[in-house]
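These entries record what I looked up, beginning with the overall fold and ending with the contact between chains.

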Amino acid sequence: MGKLNVTLCGIEMDNPVIPASGTFGYGYEFAELYDINCLGTFSFKGTTKEPRYGNPLPRIAECSAGLINAIGLQNPGIDRVISEELPKLAKVFHKPVMANVGGFSVEEYVELCARLDKEEQVGWLEVNISCPNVKKGGKSYGMTPEGAAEVTAAVKAVTTKPCIMKLTPNVTDIVAIAKACEDAGADGVSLINTLYGMRIDLRTGRPVIANRMGGYSGPAAFPIALRMVYQVRAAVNIPIVGIGGVSSAEDVIEMMYAGATAVGVGAANCIDPYASKKIVEDLPRVMEKYGIDTLESIIGGAQ
Amino acid sequence: MKQETLTVLSNDALTKSVYRMRLAGDLSSFTRPGQFCNIAVPGFYLRRPISVCDIEGDVLTLLYKVVGHGTEAMAAMQPGTALDVLCGLGNGYDTAMSGDRPLLLGGGVGIPPLYGLAKALLAEGKPVRAILGFNTAEEIFFSDEFRALGVDVTVTTADGSAGEKGFVTDALPADCSYFYTCGPLPMLRAVYEKTHTSGQFSFEARMGCGFGACMGCSMKTADGGYKRVCREGPVFRKEEIVWEN
């Protein structure tokens with residue numbers, strides 16, 4: 001094992017850096033810019049059963065340290081992801097990919113996970129039970145321990161690959177939800193999804209985003225995400241993918257000290273297409289600066 | 001697309017709110033008029049997407065309107081400032097479809113990309129007509145620069161303080177065979193409805209990334225699918241466009 005290697009749910013990764021779902025498409029926009037095989041893996045665009053256009057424009061609002069988005073799970077749907085996106089990806093990415101799915105019923109989660117579980121390229125399933133952008137039936141499954149456990153148990157029953165449940169921070173007690181996932185058989189949890197937020201345009205007095213509210217991400221989310229990873233690490237034994245405002249190799253290392261086995265990079269990809277690559281390349285320098293021999297050795301070190 | 005460091009050569013006000021910034025650097029990733037760049041403005045999280053007005057050698061000319069804090073910060077930039085710019089973004093205008101005598105329809109800060117387009121069309125030996133619309137006389141910019149290229153220019157102002165009174169669409173010639181347009185959304189829609197020929201429309205959108213990753217700027221298209229303003233756009237053929245609501 002090299003200095004940067006980590007093992008996430010039984011799969012060894014060259015490094016812990018994972019561009020987060022929704023900020024990296026299906027990979028090939030970035031593959032035009034650099035060899036994306038330098039990444040640990042990436043989590044592809046949240047995929048649903050049916051094709052989705054998503055929300056009306058505008059979908060983006062800038063904040064002083066980040067952005068709010070309300071994309072609304074735009075994606076081509078599972079059929080085309082399997083028939084078109086994955087074959088295209090296979091030409092440029094030769095590592096197991098993390099398959100992110102979003103559903104509007106337990107049955108949809110089950111179908112999506114069962115089908116992607118059979119795809120050779122898929123290493124992990126990342127089950128988004130938290131997307132706050134989609135107005136469908138009110139609360140998401142990830143807002144209660146019972147809902148989170150229901151989806152977890154259902155997808156675990158039809159899959160062989162590791163299932164990582166992606167959690168929303170817009171809850172009273174994220175630790176209880178992480179524990180419910182663990183108890184229901186989850187192989188890991190990823191946190192945090194975006195924080196509910198909004199902006200108002202002073203010229204119109206109306207919300208900037210057509211959907212009114214959206215999910216905030218960016219550097220200001222980092223301390224909140226770090227705190228939640230730290231709390232969840234103390235309470236569960238399954239691996240954590242720490243996500244939220246990570247913008248530098250220093251942030252990756254901080255997230256790992258808090259308890260993350262691997263680390264998602266989200267909004268940073270939107271402002272610098274090379275952000276994830278730069279973070280991977282900068283890790284050895286920062287490790288040396290702080291006397292860290294291997295990343296695996298620091299996971300949860302701050303507990 | 002390429003990430004480049006460009007250096008500000010000059011940055012001057014053309015009107016109360018429209019500025020011209022000239023930047024020097026490697027511009028080899030720009031291949032067509034109507035493309036845009038995405039500028040990292042220090043102190044602001046998202047980049048600012050700005051359409052390309054002109055490229056001469058290694059000098060890029062941008063015209064931008066100060067509408068918020070980000071463009072205010074741009075207006076204060078001094079010559080010598082080095083900027084992180086994503087270059088060569090978007091599809092740009094296709095000059096091959098222009099026909100013999102293309103018409104350019106520009107409104108306000110939508111006018112800049114039509115300048116580079118006019119140069120490209122003229123270089124192909126096609127006489128170019130342009131109708132440039134403004135709100136009022138004191139907001140007029142670049143009409144003389146178009147004339148200096150040899151473009152047959154008609155200016156309209158909404159208040160009648162200069163040129164013909166009315167909107168760009170009030171001055172449409174009957175013999176238009178193909179057009180290119182860029183301007184505010186209500187103008188684009190009026191152009192769509194009042195023209196009887198085909199043409200190309202350049203759209204503006206609030207963007208997250210500007211290079212196709214975040215899906216923040218997707219537009220529904222007539223084939224039932226969607227295209228990203230930043231990636232498959234910002235220029236769309238009239239036949240591709242769907243107006244929502």
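The entries below follow the order in which I worked.

**Entry 1: the model and chain A as a whole.** I note at the outset that this is a predicted model. I counted the secondary structure of chain A and found nine helices and 15 strands. Along the principal axes, the C-alpha atoms of chain A fill a box of roughly 50 × 45 × 40 Å. I then checked the radius of gyration: a compact globule of 303 residues would have a value near 19 Å, and the 18 Å of chain A agrees with this.

**Entry 2: burial and contacts in chain A.** I looked up burial and recorded that 57% of the 303 residues of chain A count as buried. Among contacts in chain A with a separation of 6 or more, 72% join residues 24 or more positions apart.

**Entry 3: a helix pair.** I examined helix 5 (residues 174–183) and helix 6 (residues 222–235) of chain A, whose axes come within 9 Å and cross at roughly 45°. The two helices are therefore oblique to each other. I recorded their crossing as right-handed. Helix 5 of chain A makes the contact through I174(A), V175(A), A178(A) and K179(A), and helix 6 of chain A through M228(A), Q231(A), V232(A) and A235(A). By class, I noted six nonpolar residues, one polar and one charged in this contact.

**Entry 4: the contact of chain A with chain B.** How many residues of each chain take part? I found 27 residues of chain A in contact with 21 of chain B. Strand 4 (60–63), strand 5 (66–69) and helix 8 (268–271) of chain A each supply at least two residues of the side that touches chain B. I sorted the residues of that side of chain A into 15 nonpolar, nine polar and three charged.

Methods
Residues are numbered from 1 along each chain as its sequence is written. Chains are lettered from A and ligands numbered from 1 in the order in which they are written. This is a predicted model: local features need pLDDT of at least 70, side-chain atom pairs count only at pLDDT 80 or more; totals for chains, interfaces and linings use all residues. Two residues are in contact if their C-beta atoms, placed from the backbone, lie within 7 Å. Helices (H or I, at least four residues) and strands (E, at least two) are DSSP runs, numbered from the N terminus. Ala, Val, Leu, Ile, Met, Phe, Trp, Tyr, Cys and Pro count as nonpolar, Asp, Glu, Lys and Arg as charged, and the others, Gly among them, as polar. Axes are lines fitted to C-alpha atoms, for helices over the stretch in contact, and angles run from 0 to 180 degrees between N-to-C directions. Angles under 35 degrees count as roughly parallel, over 145 as roughly antiparallel, 65 to 115 as roughly perpendicular and the rest as oblique. A crossing is left-handed if the near helix is turned anticlockwise from the far one by less than a right angle, and right-handed if clockwise. The radius of gyration is taken over C-alpha atoms; the globule rule is 2.2 Å times the number of residues to the power 0.38. A residue is buried if 20 or more other C-beta atoms lie within 10 Å of its own, exposed if 12 or fewer, and partly exposed in between; C-beta atoms are placed from the backbone.
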